[in-house]
Amino acid sequence: MRGFPEFLRDRGWEVHVVSTPGPMLDVMSRGAGLFTHAVPMERQPSPLKDLRALLAWFRLLRQVRPNVISVGTPKAGLLGGAAGLLAGVPNRIYLLRGLRLETAHGFQRWILTKLERLSLMMATEVLSVSPSLQQRVISLGLVAPEKIKVLGHGSSNGVDLAGFTAENFSKKHLADLATQIGLLKNIPVVGFVGRLTLDKGLADLAEARSILEKHKVDHQILIVGEVDEGQQQDILSRLSSAGRPVIKTGYVPDPRAYYHLMDLLCLPTHREGFPNVVLEAGASGLATVTTDATGAVDSVIHSQTGLVAVAGDPKSLATQLEQLLLHPELRSDMGRAARAHVVSSFDRTLVWDRLADYYSALAVRTSPPSQVRRAK
């Protein structure tokens, strides 16, 4: 949501940002006209700590008395939504960014399903970040169709188009960066940006690489992002054993230049809400190979801005990667189309305008004009 609180402030809202304590919240607290509140929240279930967080949420909302709250992430959605209901907040929006339950099994899936249904129930409105996520949550019987909607083409924050254009990066800077991280010259680069988890389909990419190796389709992998603790050696060893060594950067605060070292992006994910990295790649003029998983399937127009493989199917993934690796003109055409698609549908200001207008309509509908106190 970087930038959006400031945008709302400039539109006349009184904006309160609630998050777990951390450096990003500290930075935001220094912004003029923004109110920040640190509420410790554990990502995993923790009954005692969750109860403390719920009470902190409740006290805060009783003090601020907002017209609108918008909560996202499973834990904030649950605690913020429950506190909003108890505090009598008239407009409680749950911004649905994805479904963790999709890749869970057994008792964990049952628990996650119950908690997701509870979060959705406590919201007065549900915004989905993608059409396929909207359809998925409806098909699972978690929410009534009339309660959930997608604004525009989806996405929670859009993309800053100007920041990803090639003109921002000199050829010398990119060449030096490529040398620094160890990329080989004249070998096509398949990029991955994000946290390395098994849910992102990295095991499928490793098997797809083995298939490409057998087909003698030369390429190198560039991974930009951090690896979840406990999964690093497993994931990286699978990827590296399938072909040329993997180039990995670890966490980088600003990945924009790295997109311009890639020939295409690959996101072999098993579940998403709406992948921002595909929008960033498109803004950088890159085609993407992704999957038909929930959320991911909305990010690419198949055969126009990229290619869509079957989720969990390494052979399908290898086929789509091979097509773009062997046909540079095709991937260049798709990259240009991807840029045009992102410009027309996912410019950050367009996404922000839709959200701000939506909040305003809710506030006006539920409060007399003289009593509307704008807060998030």
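This report describes the overall build of a predicted model and then turns to one buried glutamate.

**The chain as a whole**

The chain contains 14 helices and twelve strands. A compact globule of 376 residues would have a radius of gyration near 21 Å, and the chain, with 22 Å, therefore agrees with that expectation. Its C-alpha trace extends over about 65 × 45 × 35 Å along the principal axes. Contacts between residues 24 or more positions apart represent 68% of the contacts with a separation of 6 or more. The table below collects further values for the chain.

| Property of the chain | Value |
|---|---|
| Buried residues | 51% of the 376 residues |
| Accessible surface | about 17500 Å² |
| Share of accessible surface from carbon and sulfur atoms | 54% |
| Distance between the mean positions of positive and negative charges | 6 Å |

**Glutamate 116**

Glutamate 116 lies in helix α5, which covers residues 106-122. This glutamate is buried, yet it takes part in no salt bridge. The nearest side chain of opposite charge belongs to arginine 100, at a distance of 8.0 Å; a salt bridge would require a side-chain nitrogen of Lys or Arg within 4 Å of a carboxyl oxygen. Leaving aside residues up to four places away in sequence, glutamate 116 touches Tyr94, Leu96, Gly98, Leu99, Leu101 and Leu142. Arginine 100, the nearest oppositely charged side chain, is thus absent from the residues that glutamate 116 touches.

Notes: Residues are numbered from 1 along each chain as its sequence is written. This is a predicted model: local features need pLDDT of at least 70, side-chain atom pairs count only at pLDDT 80 or more; totals for chains, interfaces and linings use all residues. Side-chain values use heavy atoms; hydrogens and water are left out. Helices (H or I, at least four residues) and strands (E, at least two) are DSSP runs, numbered from the N terminus. The radius of gyration is taken over C-alpha atoms; the globule rule is 2.2 Å times the number of residues to the power 0.38. Buried means under 20% relative accessible area, exposed over 50%, partly exposed in between (1.4 Å probe, protein chains only). Contact means heavy atoms within 4.5 Å. Accessible areas come from the Shrake-Rupley method with a 1.4 Å probe; for residues, only the protein chains shown count as cover. Lys and Arg count as positive and Asp and Glu as negative; His and the chain ends are not counted. The place of a charge is taken as NZ of Lys, CZ of Arg, CG of Asp or CD of Glu.
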